[in-house]
Amino acid sequence: MTQTIAPTQSANYVGTSERKHNGEKFLRGEMVYIDDIRIPGMHFAGIVRSPHPHARIKSVDLSKASVAEGVIFVLSGAEAAKHTDPIPHFIDPEAFGGKTTDVRCLAVDKVVYVGEPVAAIVARTRQDAEAAVELVDVEYEILPFVIDGEESLQPDAPRIYEHWDDNKIISIPFISGDTEAVFAQAEHILEDELKIQRYSTQPIEPRGYVAVYDSRESSYTFYGACQNPHPLRWVLSHTLRVSENDVRVIAPTVGGAFGLKMHGHPEEPLTCILSKLSGKPVKWIEDRTETMLVGAREQMHRFKVSFTSAGKITALKDHFVANVGALGAPPGWGMVFLSGLAFPTGYKIAATDVLATVVASNKSPWNAARGYGKEATALVMERIIDLVARDLGMDPLEVRRVNLIESHEFPYKTAGGLNIDSGDYHAALDKAVEMIGLPALRAEQEELRKDNRYLGIGFAFELTPESGDIPGTLVGGFDTSTVKMDPSGKVTVLTGVTTPGGGNDTSILQIVSDQVGIEISDARIIQGDTLLTPYGFGNYSGRSMVTGGNAAYLAAKDIRAKLLIIASRLLETDESDIDLRAGWARSLSNPDKAIKISEIAYTVYTLAFATATGVEPPLESTRVYQPENIQHTPDAEGKINIYPTYSNAVHVAVVEVDADTGHVKVRRFGTVHDAGTIINPRFVEGQMEGATAMGIGAALMEHSIHDPATGHLSTNRFKTYLMPRASDVPMFESVHQVTPSPYTALGTKGAGEAGVGGAQAAVTNAVHDALAPLGVTIRQMPLNPQNVLHAIITRETGKQA
Amino acid sequence: MTNPQQNLPVNVVVNGVRHQVEVDPRLALVDFLREDLELTGTNVGCRTGDCGACTVTVDGEVVKSCLSLAVSADGSEIRTIEGFAGEGEELSPIQSAFWNEFGFQCGYCLPGMLFCTEELLGENADPSEADIRHAIDGNLCRCTGYHGIVRSVQTAAAATRTCNRKRVSE
Amino acid sequence: MIAHRFKYSCPRSAEEAAAELAQMEGEETAIISGGTWVVPEMSHHLRRPKLVIDLKLAGLAGVSAEADAVVIGPATTYTQLAHSKHTPNFLKKVVAGITGGSQIRNRGTIGGSACYANPASDIPGALVTMKASLHLRAHSSTRIVEAADFFLDANVTLLEPDEILESISIPSTNDENLFSYAKFKTAQGSWPIVTIGCIASEDGVARRVIVGGAGAIPFAVDLDGQESEDEVLQRVHAAMRQPWSDVFATADTRRHIAGVMTQRAVREIAAAKNGEKS
């Protein structure tokens with residue numbers, strides 16, 4: 001086991017809230033997002049999309065469109081199939097024993113969701129492309145469709161893929177112990193259900209791509225609002241039938257991603273092939289109505305738990321169904337696997353019987369979404385805890401304390417096979433209680449109830465396994481960084497991890513600047529360019545600091561070692577007597593003895609055979625960081641561990657519910673977060689604050705609704721797909737708890753995903769706590785007035801909720 | 001029956017620079033600024049007037065530039081995020097506050113957040129938290145949960161008050 | 001982006017605008033007042049007008065006080081209404097809470113919202129509450145209709161394709177009376193599910209409540225001030241016609257919330273009246 005290493009003896013930046021290193025460019029509107037890219041001769045793509053949820057394509061008539069104003073090229077699905085192969089799945093269900101299907105950039109024979117790309121246009125302007133799209137005549141033979149997940153599992157449901165014998169993609173069991181035997185002996189048993197709605201990530205910048213095909217070099221340069229440039233290059237090369245080294249992927253500044261900009265989208269290879277076939281650079285920018293099509297998260301849970309009178313949960317059964325829409329190439333469906341694997345989060349439940357069933361439907365496909373399925377597990381587990389508490393008349397905090405893993409039990413192997421690194425969950429719970437001032441709130445709650453006002457306090461524990469590596473896929477758990485110091489003493493960092501906005505770029509510069517003793521303004525970082533950076537997997541799974549950050553740390557340490565040797569020679573003192581800081585190497589015992597880092601660097605390059613003898617030039621190092629604890633060889637029970645680190649948090653929400661209208665107002669929200677060692681506190685808090693708002697949105701308002709009559713998405717813009725605005729959320733109260741991971745060099749655990757599930761669960765528990773006098777159980781998320789009121793009214797009138 | 005028009009003359013001052021140009025009447029103001037004038041700091045997030053990423057000022061009023069035709073802006077004076085700091089090289093106190101207080105992550109929502117803050121502080125030097133939230137409710141941010149933004153506006157308000165007091169005492 | 005081509009025109013008066021509309025002979029037209037509806041609908045190809053009339057030079061913005069009415073130009077923005085000394089107090093309260101942020105309040109107009117007749121907008125209910133009358137102009141005729149008659153259905157009004165809303169007049173008789181305005185929304189960014197407007201009679205009793213958002217068009221609930229809370233609820237439910245549902249709430253939910261909100265409005269007026277007395 002690696003010892004946790006103090007970040008640096010001369011920490012100047014690490015641990016401080018250094019502001020965004022390139023913030024000024026953002027504030028002046030100078031950052032270049034995908035839609036800001038202009039290439040000489042650039043044309044624009046328009047995409048013809050299916051208006052039907054399920055139909056056979058009889059014919060595609062492009063003749064009118066091809067002669068429309070500004071149009072230079074038109075492409076049907078049949079023609080596209082001559083030039084492209086199916087898009088490789090990010091995670092192919094077949095590799096896990098499930099069913100698969102070919103996904104193409106344009107549909108050929110039939111469409112399986114509203115919005116599926118059917119044909120494409122290239123035109124001189126965006127207006128011309130959009131106008132020509134409407135001139136394409138596609139003749140469809142309409143087929144029966146199914147958009148409900150459980151209906152789709154029925155034997156008589158319309159068959160979405162004819163070569164499948166039903167619509168089930170895969171069922172994955174996660175079993176430990178003998179639940180039925182425990183149930184048979186149980187003191188108490190509780191059964192209930194919870195429907196999690198379909199909702200999505202919706203960064204404010206939609207997707208977009210610019211493809212430039214170079215016919216002389218037979219190569220592509222692809223600019224994309226994407227999270228994973230190197231793995232995307234592999235996908236493009238396989239789809240476009242070119243070598244991987246003939247594709248260069250560049251991610252410009254990304255305006256938020258949250259999983260949406262992980263790849264597998266049909267428009268990625270489509271933009272490329274349009275460039276090749278039209279002979280022009282081609283840009284495609286997504287409209288918000290198209291962003292809204294990308295789904296996530298819809299799951300129906302039916303669970304059963306047994307527990308003792310002391311609140312100890314002895315067995316858990318949850319057979320849940322996730323409706324992932326049509327099977328797409330992005331990693332969306334994999335979220336369901338993680339929902340199953342993450343049970344029973346940080347609780348010690350010996351017997352579990354979890355079955356994750358993934359079903360296809362005629363909704364549009366999923367992509368990854370912040371939390372990657374673990375948010376659903378958090379919600380269901382935390383509801384179970386509160387339901388057990390209600391059943392026993394116990395304090396839900398006590399039920400948590402009885403069941404949570406204790407701090408002396410780490411590393412702790414869960415029923416699912418995860419090996420949790422470190423933590424102190426009970427201490428985090430206590431801190432949350434203290435932070436929110438629970439006794440005063442309980443007193444206020446009692447007081448308000450006399451006036452029929454319903455205040456509620458809800459807690460939620462959240463475990464966020466981070467930095468995962470899924471074997472056999474390009475979901476990698478390691479990453480690579482290069483640190484280069486030039487003869488002027490300036491530093492360039494190149495790394496395989498990318499930033500969607502959160503600030504890992506600045507944090508990596510903090511680590512590197514400390515190691516080599518320079519001002520952060522003398523360092524720059526390059527990310528998201530497959531030609532320039534080392535191979536890397538980009539951003540997902542809270543991995544950027546765990547992998548890219550630790551790799552940069554190791555590389556910078558290599559440079560530091562060389563700087564110290566030269567400094568020691570020039571200052572005539574021991575290396576251990578030297579402090580590297582803010583551009584200077586200085587003797588600790590005699591601070592008057594100092595030399596600029598830039599002079600040391602110049603020495604390395606110019607006096608390689610004199611002062612710098614024995615120090616290998618140049619001042620460059622490329623290092624990979626592979627965290628410990630990932631275990632892909634199955635253990636005795638056949639289980640593997642795909643996550644090295646496990647961030648955790650306790651969330652507490654205070655809400656007021658208007659029981660006459662069903663309206664919920666979040667009054668306060670607090671989080672105790674353990675992300676291990678913290679490089680930059682405000683960035684870590686920023687990740688949590690953003691995820692918390694997303695979780696509050698998930699709890700109260702966000703919902704992608706399909707019209708059951710037409711299969712169309714009714715919530716296709718921000719007027720109907722509601723996301724939290726400033727007045728919908730409170731200030732976020734936050735406390736850090738640091739239990740460094742023993743499995744990463746810096747002790748970091750990863751931040752970014754935590755908060756979505758925790759906030760959703762804390763708010764949901766708070767609403768139930770508020771409505772406890774009415775005895776309401778809400779089984780349909782989100783807790784909007786419609787669903788809350790329905791639960792209250794049906795409870796009051798004694799009808800089945 | 002009327003004939004559709006080709007381009008129309010438009011005369012605007014953008015960030016202090018006069019432009020006399022012919023504009024396609026189909027262009028929304030945001031597209032004119034981004035495509036014709038290459039001022040790409042104004043962003044497009046929805047084209048329905050909901051997200052606020054395309055916010056600019058027209059004749060001093062904060063507006064969403066996806067909701068107007070460029071030809072409607074004829075005769076107007078426009079400011080975009082590129083002109084937010086004003087004539088000097090320095091960032092304005094509002095911009096500095098957003099930087100220091102982590103008032104953005106991906107930066108896409110900044111045009112709306114900055115301009116709405118400026119409008120708020122022009123009307124109310126000492127806004128409450130509720131005032132601040134109300135003032136930025138026309139903008140969506142998906143990264144920060146608004147926490148850093150509210151703190152930025154509070155800091156900017158304090159800085160503006162200090163600045164004004166100095167000016168008065170001078 | 002807007003893909004189709006159209007003629008763009010900036011008439012100098014409502015009369016000029018009506019003259020242009022008269023020439024269109026049934027072709028689709030659009031009138032831009034603030035643009036907050038028309039431009040995005042054109043951007044998303046939901047409307048393809050052949051003629052786009054921009055009212056910016058038509059002199060149709062402004063609030064003025066006449067002998068017994070306040071006259072509001074249809075192109076008056078919410079911000080202008082908020083700042084005008086002539087704007088009725090009730091309307092000031094309504095416009096302060098318009099959804100969409102100051103950018104929308106700076107551009108959205110009272111006339112645009114009236115003509116769009118979105119069931120979930122504040123303005124239709126507010127106009128009915130204030131007993132506003134709408135002056136409509138065609139090329140060769142004018143007519144005045146009451147707000148209560150103007151709204152026919154969701155997004156449908158009495159306005160003919162060749163007509164333009166020229167002004168809105170609001171009787172100034174009730175401006176000093178007690179009033180209440182409340183709206184119920186799922187979240188800050190959402191359209192109201194229900195709006196409740198009430199201007200009390202001179203004796204400070206809530207006799208007429210206008211419910212917006214709950215149905216396809218606003219509807220009035222007439223009260224005598226003597227009803228029990230349950231009776232208020234029954235009146236609301238009885239008065240509700242043309243039920244409306246959207247992704248936020250079903251017609252039943254809207255009906256329920258309309259009842260609750262009406263009870264609260266009546267209570268608020270009564271509390272204000274009692275507060276005045278004490």
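**Where two helices cross**

Author: Happy to! In this predicted model, start in chain A with helix H16 (residues 544–571) and helix H17 (residues 597–606), whose axes come within 10 Å and cross at roughly 100°. Angles of 65 to 115 degrees count as roughly perpendicular, so H16(A) is roughly perpendicular to H17(A). On the H16(A) side, the contact is made by A:Lys562, A:Leu563, A:Ile566, A:Ala567 and A:Leu570. H17(A) brings A:Ile597, A:Ile600, A:Thr603 and A:Val604 to the contact. Sorted by class, these residues are 7 nonpolar, 1 polar and 1 charged.

Now let's turn to where chain A touches chain B. Here 43 residues of chain A are in contact with 43 residues of chain B. On the chain A side, helix H1 (23–27) and helix H18 (681–700) each supply at least two residues. H18(A) gives the most, with 6 residues. By class, this side of chain A divides into 15 nonpolar, 13 polar and 15 charged residues.

Finally, step into chain B itself. Its domain assignment gives domain 1 (8–83) and domain 2 (93–169), and the centres of these two domains of chain B are 23 Å apart, taken over C-alpha atoms. Between them, 14 residues of domain 1 of chain B are in contact with 12 residues of domain 2 of chain B. Strand S3 (residues 55–58) of chain B gives the most to the domain 1 side, with 3 residues. That side of domain 1 of chain B has 6 nonpolar, 7 polar and 1 charged residues.

Technical notes: Residues are numbered from 1 along each chain as its sequence is written. Chains are lettered from A and ligands numbered from 1 in the order in which they are written. This is a predicted model: local features need pLDDT of at least 70, side-chain atom pairs count only at pLDDT 80 or more; totals for chains, interfaces and linings use all residues. Axes are lines fitted to C-alpha atoms, for helices over the stretch in contact, and angles run from 0 to 180 degrees between N-to-C directions. Helices (H or I, at least four residues) and strands (E, at least two) are DSSP runs, numbered from the N terminus. Angles under 35 degrees count as roughly parallel, over 145 as roughly antiparallel, 65 to 115 as roughly perpendicular and the rest as oblique. Two residues are in contact if their C-beta atoms, placed from the backbone, lie within 7 Å. Ala, Val, Leu, Ile, Met, Phe, Trp, Tyr, Cys and Pro count as nonpolar, Asp, Glu, Lys and Arg as charged, and the others, Gly among them, as polar. Domain bounds come from an automatic or database domain assignment.
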